[in-house]
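Visitor: I'm new here and would like to learn how to read a structure like this. Could you walk me through it, one feature at a time?

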Amino acid sequence: MEFYTYNAFKQKRDKNFLIALVIAFTLYCAFSITYFASVSGEIRESVVRLHILADSDREIDQQVKLKVRDALLEKNTELLSEKVTPENAEEYFESSKEELEQCANEVLKENGFDYKATITLGEEYYTTRAYEDLTFPAGTYTSVKVVLGSGEGKNWWCVMFPPLCVPVANGGLENDDGVNLEEYLDKDGKRIVSSKGKFKAEFKIVELYERLFK
């Protein structure tokens, strides 16, 4: 009888321990995802994306798309100053929109194209996207959208602010590319963006959430 009572007690204790362990793990996962989603939201608020759509998938249209890209990135680098911060980046791009559009149209004209470029600043949804060693979470970002002609061709996208597109367009992100993420993102944001696959599951969950509810 005593052995049965002890055995029953032991089974109940083990069951309670298992339940507590499951609850603790569930709470940890919930806290981790909530934290990751919160930091992802802060990242989205600190970043402006670039989205260029070619007129068509013809090789000539795709080639001029890249020429427009290079010209816009060069112009953006010229216009950017230390006064542009994550807080006023959207205002900067709104005020620079016409100048950037003029730059794009000059490239099209110089290359013999009769269609025009149209640039708008708005909100666009982006999937999780990796640029070399940097990964940006899915979600809705402020976006500089460049439509060349009909805009029915393959697109090209990157990060316009912070100015990461220039090194990506040139073939990579190096430590000496002049972009210091700490100037634009806080410690947690930089850790997530520079995670190199560490938060792969979290990125997937945030992307699923954004697709379903946003």
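Guide: Let's start with helices and strands: these are DSSP runs, helices being H or I with at least four residues and strands E with at least two, numbered from the N terminus. Ser 143, for instance, is found in strand β5, residues 139–148. Keep in mind that this is a predicted model, where local features need pLDDT of at least 70, side-chain atom pairs count only at pLDDT 80 or more, and totals for chains, interfaces and linings use all residues. Residues are numbered from 1 along each chain as its sequence is written, and side-chain values use heavy atoms, with hydrogens and water left out.

Visitor: How many helices and strands are in the chain?

Guide: The chain has 6 helices and 6 strands. Going along the sequence, their pattern is α-β-α-α-β-β-β-β-β-α-α-α.

Visitor: Back to Ser 143: is it buried or exposed?

Guide: Buried means under 20% relative accessible area, exposed means over 50%, and partly exposed is in between (1.4 Å probe, protein chains only). Ser 143 has 1% relative accessibility, so it counts as buried. Across the chain's 214 residues, 42% count as buried.

Visitor: Which side chains make a polar contact with Ser 143?

Guide: A polar contact is a pair of N or O atoms within 3.5 Å; within protein, one must be able to donate a hydrogen and the other to accept it, and residues adjacent in sequence count only if both atoms are side-chain atoms. Another joins the side chains of Ser 143 and Tyr 126, at 2.6 Å. For plain contact, heavy atoms must be within 4.5 Å. Setting aside residues up to four places away in sequence, Ser 143 touches Arg 49, His 51, Thr 120, Leu 121, Gly 122, Glu 124 and Tyr 126.

Visitor: What sits over the ring of Tyr 126?

Guide: A charge sits over a ring if NZ of Lys or CZ of Arg is within 6 Å of the ring centre and within 35 degrees of the ring normal. Over Tyr 126 you'll find the charged end of Arg 49, 4.3 Å from the ring centre. Likewise, the charged end of Arg 69 sits over the ring of Trp 156, 4.9 Å from its centre.

Visitor: How many aromatic pairs does the structure hold?

Guide: A pair of aromatic rings is described by the distance of the centres and the angle of the planes. Rings of Phe, Tyr and Trp (its six-membered ring) pair if their centres lie within 6.5 Å; planes under 30 degrees apart count as stacked, over 60 as edge-to-face and the rest as tilted. The structure holds 7 aromatic pairs. In one of them, Phe 36 and Phe 203 have ring centres 5.1 Å apart and planes at 90°, so that pair is edge-to-face. Phe 36 lies in helix α1 (residues 2–45) and Phe 203 in helix α6 (residues 200–213), so the pair ties together parts that are 167 residues apart in sequence. Phe 36 is buried, at 1% relative accessible area, and Phe 203 is buried too, at 5%. Ring pairs also link Phe 36, Phe 199 and Phe 203 into a cluster.

Visitor: Which residues have the most contacts inside the largest nonpolar core?

Guide: In soluble globular proteins, nonpolar side chains tend to be buried together. A nonpolar core is a set of buried Ala, Val, Leu, Ile, Met, Phe, Trp, Tyr and Cys residues joined through side-chain atoms within 4.5 Å. The largest one here has 50 residues, and Leu 50, Leu 72, Phe 93 and Phe 136 have the most contacts inside it. Helix α3 (residues 89–110) gives the most to this core, with 8 residues.

Visitor: Where is Glu 152, and is it buried or exposed?

Guide: Glu 152 is in the loop between β5 and β6. At 65% relative accessible area, Glu 152 is exposed. Glu 152 and Leu 53 are 99 residues apart in sequence, yet their C-alpha atoms are 6.9 Å apart in space.

Visitor: How many disulfides does a search of the whole structure find?

Guide: A disulfide is a pair of cysteine sulfur atoms within 2.5 Å. The search of the whole structure finds 0 disulfides. As for individual cysteines, Cys 158 is buried, with a relative accessible area of 0%.
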